[in-house]
Protein chains: 2
Amino acid sequence: MTLAKKVQLSHGGGGLEMNQFIQKLFFKRFNNEILSRDEDAATLPLSANTAMTTDSFTVSPHFFAGGNIGSLAVAGTCNDLAMVGAKPEYLSCSFIIEEGTDFKELEQIVDSMVEELATVDAKVVCGDTKVVPKGSADKVFINTTGVGRVLQPGISSRGIQSGDAILVSGDIGRHGACILAARESLRLEHEMSSDCAVLWPVVDALIQQNIDIRAMRDATRGGISAVMNEWCQSSNIQLMLQEEHIPVDDMVKGVCELFGFEPYDLANEGTFVIAVPQEFAQQTLNVLKSFNPNAALIGHAQSGEPCKPILHTPWGSRRYLDFPLGELLPRIC
Amino acid sequence: MTLAKKVQLSHGGGGLEMNQFIQKLFFKRFNNEILSRDEDAATLPLSANTAMTTDSFTVSPHFFAGGNIGSLAVAGTCNDLAMVGAKPEYLSCSFIIEEGTDFKELEQIVDSMVEELATVDAKVVCGDTKVVPKGSADKVFINTTGVGRVLQPGISSRGIQSGDAILVSGDIGRHGACILAARESLRLEHEMSSDCAVLWPVVDALIQQNIDIRAMRDATRGGISAVMNEWCQSSNIQLMLQEEHIPVDDMVKGVCELFGFEPYDLANEGTFVIAVPQEFAQQTLNVLKSFNPNAALIGHAQSGEPCKPILHTPWGSRRYLDFPLGELLPRIC
């Protein structure tokens with residue numbers, strides 16, 4: 001059967017067309033021994049120390065510089081696992097597709113997922129496909145839920161202690177700025193692309209070096225502002241951050257000035273913040289820099305009230321870095 | 001903070017409003033020790049024999065006789081686990097919410113999820129919330145992904161053998177007929193409700209009785225027609241089914257006649273088909289009937305070509321029960 005060029009309602013009906021549709025679009029591409037058993041549920045050899053996380057992706061536009069909704073879905077879910085010290089192993093993948101969506105676009109999206117999975121040697125082991133009538137969804141939404149083996153237990157946003165060093169794995173705000181620019185059809189002087197990437201390789205390197213990781217979090221929706229505020233609350237600490245040390249690309253700065261955003265509030269999709277004891281700060285920075293030269297030591301934790309992140313400006317003044325408020329950017333991820 | 005009565009984009013922005021929104025809507029209700037750790041990923045004590053499954057739910061209308069999208073999401077995912085002999089243990093839960101959705105409706109949906117989870121003692125351990133602008137989705141879509149411990153390994157749609165008995169756990173087509181009636185604002189003489197329910201208790205009872213289960217499948221989208229055809233293909237067998245033994249409620253028959261559907265093609269959300277060796281047929285029937293008096297022995301497997309289900313009518317004629325074709329009912333689950 002030649003597949004229609006656009007998705008039809010029958011492709012989600014549970015009948016013959018759906019069967020063929022998912023065979024051609026998903027099974028062929030995600031091909032692995034567990035998935036191809038095609039039972040109601042996949043059986044997995046997991047360990048007693050398994051991490052699980054879920055994310056739905058609604059990003060608009062679906063394709064952007066540096067990735068698309070598919071690569072984002074794999075990276076986002078793998079990164080949540082990596083942030084608790086877990087190697088991403090198995091993912092589920094569920095598509096909600098609007099009737100009339102181009103089959104070619106779906107193929108591109110799934111191909112990107114396959115590429116992204118390969119960077120971390122993870123597998124899609126089960127899936128689901130729903131097709132909704134035109135107007136009931138915007139093209140395609142993807143849920144990826146992942147499980148992985150925890151290689152370094154005890155990493156927790158509750159574990160940050162006074163004196164710990166705070167580092168960021170690269171320059172911030174690129175995903176948010178990039179989506180914003182795409183939506184506003186902004187022409188930029190130089191090409192800027194999303195930081196969308198799977199973070200397991202760098203986390204794995206940190207674990208291999210026996211660095212005592214206290215906490216890690218990828219700075220997605222709400223940017224590093226949200227992460228810093230959550231950490232202060234969870235660990236009952238203050239975070240002293242040096243504004244001049246927080247790496248922000250000039251293009252991101254430009255987009256922020258144009259639209260009145262703070263780079264700290266912008267979403268990242270392949271950049272994380274990490275807290276380590278002071279004695280591991282330099283070693284951590286070295287590992288981070290070997291993956292991204294823009295990685296930086298941006299501050300430290302200290303006990304004190306209120307439990308909020310405090311931004312020290314280059315001019316000696318200081319201000320609270322507030323939890324982002326308001327609408328920010330809908331459909332950023 | 002008092003929550004707004006309708007969901008706003010800021011509730012999905014990753015900032016303070018989202019934090020409060022998910023605390024009040026989800027954490028309060030799904031409350032358990034693993035979820036409340038609130039890390040990027042939940043850490044679970046799983047076994048080496050764990051099953052995993054995923055489903056996204058887009059059912060329309062969101063509320064129907066016998067359930068709503070929330071109870072459906074929990075039942076659907078738990079049932080996929082039960083069908084491979086796994087006790088549902090941990091679920092992820094991801095909401096895509098349209099801006100402007102009533103907060104009250106979301107509360108009802110989550111409350112139903114909590115009730116349904118209690119019937120099987122399963123927990124929601126991680127979640128995600130996205131809010132999309134008005135018109136980008138229809139109110140609410142839910143993804144639930146579940147993991148559970150396999151108590152009886154080896155259940156597989158590839159394992160059916162010639163001579164095996166085929167049984168159904170209750171009368172068929174009620175979910176499909178019920179959604180159809182709700183959409184067409186059909187007034188029925190008697191109340192008819194969806195069969196939406198968690199199937200683990202009955203599956204657990206079968207396992208406790210040491211019944212040698214060859215295959216099980218809940219007959220969701222595509223109804224028993226799809227399951228029977230899939231089994232024939234997977235196990236390379238013919239299925240001989242006695243039409244008069246397949247239980248169909250009169251109301252479902254009526255809806256089918258009115259709209260030109262076959263009850264075999266209609267979706268079920270708490271009814272499954274099971275294949276067991278002939279010597280376990282009566283014992284299986286007894287267990288099924290103790291949960292639902294409409295359970296029935298509907299046929300048997302035999303070797304032979306073509307590998308298709310064959311329906312024997314009460315008048316002695318026979319016909320193939322075909323794989324459902326065409327649009328069927330979009331947004332049935």
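Q: Does B:Gly13 count as buried or exposed?
A: B:Gly13 counts as buried, because its relative accessibility is 5% (buried is under 20% relative accessible area, exposed over 50%, partly exposed in between, with a 1.4 Å probe and protein chains only). This is a predicted model, in which local features need pLDDT of at least 70 and side-chain atom pairs count only at pLDDT 80 or more, while totals for chains, interfaces and linings use all residues. Residues are numbered from 1 along each chain as its sequence is written, chains are lettered from A and ligands numbered from 1 in the order in which they are written, and side-chain values use heavy atoms, leaving out hydrogens and water.

Q: Where is B:Gly13 found, and what does it touch?
A: B:Gly13 lies in the segment before α1 (16-30) of chain B (helices are DSSP runs of H or I with at least four residues, strands runs of E with at least two, numbered from the N terminus). Not counting residues up to four places away in sequence, B:Gly13 touches A:Arg221, A:Gly222 and A:Leu328, along with B:Met18; contact means heavy atoms within 4.5 Å.

Q: How many residues apart in sequence are B:Gly13 and B:Lys130, and what about in space?
A: They are 117 residues apart in sequence, and their C-alpha atoms are 8.0 Å apart in space.

Q: On to helices: which residues of α8 in chain B are buried?
A: In α8(B), residues 281-291, the buried residues are B:Ala281, B:Thr284, B:Leu285, B:Val287 and B:Leu288. They are on the same side of α8(B) because they cover an arc of only 165 degrees around the axis, the arc being that of the directions from the helix axis to the C-beta atoms.

Q: And what is on the other side of α8(B), and what covers the buried residues?
A: B:Gln282 and B:Ser290 are exposed on the other side, whereas the cover over the buried residues includes β8 (165-168), α5 (200-208), β11 (272-276) and β12 (296-302) of chain B.

Q: How do α4 and α7 of chain A cross?
A: The axes of α4(A), residues 174-183, and α7(A), residues 250-259, come within 9 Å and cross at roughly 55 degrees (axes are lines fitted to C-alpha atoms, for helices over the stretch in contact, and angles run from 0 to 180 degrees between N-to-C directions). That makes α4(A) oblique to α7(A), where angles under 35 degrees count as roughly parallel, over 145 as roughly antiparallel, 65 to 115 as roughly perpendicular and the rest as oblique.

Q: Which residues make that contact?
A: A:Arg174, A:Ala177 and A:Leu180 of α4(A) meet A:Val252, A:Val255 and A:Phe259 of α7(A). By class, the residues of this contact of α4(A) with α7(A) are five nonpolar, no polar and one charged (Ala, Val, Leu, Ile, Met, Phe, Trp, Tyr, Cys and Pro count as nonpolar, Asp, Glu, Lys and Arg as charged, and the others, Gly among them, as polar).

Q: What about the axes of α2 and α3 in chain A?
A: The axes of α2(A), residues 69-82, and α3(A), residues 103-118, come within 7 Å and cross at roughly 30 degrees. The contact of α2(A) with α3(A) has seven nonpolar, three polar and one charged residues.

Q: What is the phi of B:Asn236, and is the residue buried or exposed?
A: B:Asn236 has a positive phi of about 50 degrees although it is not a glycine, and at 55% relative accessibility it counts as exposed.
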